[in-house]
Amino acid sequence: MKNEKFMAEAIVEAKKAIPSGDVPVGAVVVKDEKIIGRGYNKREKNASATAHAEVLAIEDACKNIGSARLDGAVMYVTLEPCPMCAGAIAQARLDKVVFGAYDEKAGAVGSVFNLYYDFKFPHIPKFCGGVMEQECAALLDGFFENLRRNK
């Protein structure tokens, strides 16, 4: 139940990306049952290759707690993290990452490969995929379908 509650918040964040033409991916960072960081994909909006939802949520959480370490925190994200984001999650020392849809093109937490098991990281977060997978995948599918239709 807790996973669904916070994944629903990540979906709210993901929907914020759509007006700027960004892929709808959203993330929240939770510690002690409270959201301490939020982010959504702003690659197009910010003209920044690194403005992924996960990175922005980590930055927001670090700023809000005044620390670069997010020990004891969990990230909920609507799409399986890419290699860059999986690395950022490990660097931030998040305890766990919970994701919705699997990313068969760039997923780095089990779909294409598993960054945490394939390489030696000093910190390996726990992870769980497929939480509210249908809702998260439908949001992405609808976005790309609309994009193709409007071309």
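**Salt bridges and cysteines in a predicted model**

D60 is partly exposed, at 21% relative accessibility. The bands are these: buried is under 20% relative accessible area, exposed is over 50%, and partly exposed lies in between, with a 1.4 Å probe and protein chains only.

Some ground rules. This is a predicted model, where local features need pLDDT of at least 70, side-chain atom pairs count only at pLDDT 80 or more, and totals for chains, interfaces and linings use all residues. Residues are numbered from 1 along each chain as its sequence is written, and side-chain values use heavy atoms, leaving out hydrogens and water.

Back to D60. Its side chain meets that of K63 in a salt bridge, 4.0 Å from N to O. A salt bridge here is a side-chain nitrogen of Lys or Arg within 4 Å of a carboxyl oxygen of Asp or Glu. Both residues sit in helix 3 (residues 53-65), three residues apart, about one turn of the helix. Helices (H or I, at least four residues) and strands (E, at least two) are DSSP runs, numbered from the N terminus. K63 is exposed, at 63%.

How many salt bridges are there? Seven. Take E13 and R38, at 3.1 Å, N to O. E13 is in helix 1 and R38 in strand 2, so this pair ties together parts 25 residues apart in sequence. E13 is buried, at 3%. R38 is partly exposed, at 33%. E9, E13, K16 and R38 form a network of salt bridges.

Now the cysteines. A disulfide needs two cysteine sulfur atoms within 2.5 Å. The count is zero. For C82, the nearest cysteine sulfur is that of C85, 3.7 Å away. C82 is buried, at 14%.
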